Amino acid sequence: MPLKVGDIISFERTFTIRDVELFTEISGDEGVHHRTPDEQGRLVIQGLLTATLPTKVGGDHNVFARNMNFEFLRPVFTGDIIICEVKIEKYEAQPNNRTAIIASFLCKNQNEKDVLKGDFSGVIL
């Protein structure tokens, strides 16, 4: 089913300590706050790990991204439930048998606090 302007796609995820460990290994982002638990036993999630939520939605719809903008608003911790809503702003057929897409997104934690916002553009393959 094709997307249309105004559609909102939601995705929810809870990051684990193992997620942070694997992302640390892959990315090399070894900041002490990603390796040392706070007083509640939580780790701070890498910003780009949090940013995998809107990119997952793009991947589900075969978006070949050209631009991605992220604004990291507050830390995300292991155990947080993050809900990402992606809104389709532009969805337009192109003459090359592709579809141009522009979308905005907002991610919130379980306390309804904004943690990440931004947008992306690209084409549907």
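The following conversation concerns a predicted model of one protein chain.

Colleague: How confident is the predictor, on average, in the chain?

Modeller: The model is predicted, and its mean pLDDT is 93, with 99% of the residues scoring at least 70.

Colleague: And where in the chain is confidence lowest, and where is it highest?

Modeller: The lowest mean, 84, belongs to helix α2 (residues 32-35). Strand β4 has the highest, at 97.

Colleague: How many helices and strands are there, and what pattern do they follow along the sequence?

Modeller: There are four helices and five strands. In sequence order they read β-α-α-α-α-β-β-β-β.

Colleague: What does the C-alpha trace span along its principal axes?

Modeller: The spans are about 55 × 30 × 20 Å. The chain has 125 residues, of which 36% count as buried.

Colleague: What share of the contacts joins residues at least 24 apart?

Modeller: Counting contacts between residues at least 6 apart in sequence, the share is 65%.

Colleague: What is Phe15 in contact with, beyond its sequence neighbours?

Modeller: Leaving aside residues within four places in sequence, the contacts of Phe15 include Ile45, Leu49, Leu53, Val76 and Ile82. Thr78 is also among them.

Colleague: Where is Thr78 found, and is Thr78 buried or exposed?

Modeller: Thr78 sits in the loop between β2 (63-72) and β3. Its relative accessible area is 9%, under the 20% cut-off, so Thr78 counts as buried. Outside four places in sequence, Thr78 contacts Phe15, Thr16, Ile17, Val20, Gly41, Arg42, Leu43 and Ile45.

Colleague: Val20 is in that list. In which element does Val20 lie, and what does Val20 touch?

Modeller: Val20 lies in helix α1 and is buried, with a relative accessible area of 1%. Beyond four places in sequence, Val20 touches His34, Leu43, Val44, Ile45, Gln46, Leu49 and Thr78. The C-alpha atoms of Val20 and His34 are separated by 7.0 Å, and the two residues are 14 apart along the chain.

Colleague: What about Thr24: where is it found, and what are its contacts?

Modeller: Thr24 is found in helix α1 and counts as buried at 10% relative accessibility. Setting aside neighbours within four places, Thr24 is in contact with Asp29, Glu30, His34 and Gln46. His34 is therefore a contact of Thr24 and of Val20, given that contact here is heavy atoms within 4.5 Å.

Colleague: Moving to Leu116, in which strand does it lie, and what is its relative accessible area?

Modeller: Leu116 lies in strand β5 and is buried, with a relative accessible area of 0%. Among its contacts beyond four places in sequence are Thr50, Ala51, Phe70, Phe72, Phe105 and Leu106.

Colleague: Now the pockets. How much space lies in the largest pocket, and which residues line it?

Modeller: The largest pocket holds about 170 Å³. Its lining consists of Ile8, Ile83, Glu85, Val86, Lys87, Ser104, Phe105, Leu106, Lys108 and Glu112. The elements giving two or more residues to this lining are β3 and β4.

Colleague: What is the make-up of that lining by class?

Modeller: The lining has five nonpolar, one polar and four charged residues.

Technical notes: Residues are numbered from 1 along each chain as its sequence is written. This is a predicted model: local features need pLDDT of at least 70, side-chain atom pairs count only at pLDDT 80 or more; totals for chains, interfaces and linings use all residues. Side-chain values use heavy atoms; hydrogens and water are left out. On a 1 Å grid over the protein atoms alone, a cavity is a set of points where a 1.4 Å probe fits but cannot get out, and a pocket is an open set with protein on both sides within 12 Å along at least five of seven lines; lining residues have an atom within 4 Å of a point. Grid points are joined across faces, edges and corners, and a volume is the space filled by probe spheres set on the points. Ala, Val, Leu, Ile, Met, Phe, Trp, Tyr, Cys and Pro count as nonpolar, Asp, Glu, Lys and Arg as charged, and the others, Gly among them, as polar. Buried means under 20% relative accessible area, exposed over 50%, partly exposed in between (1.4 Å probe, protein chains only). pLDDT is the predictor's confidence in each residue, from 0 to 100.
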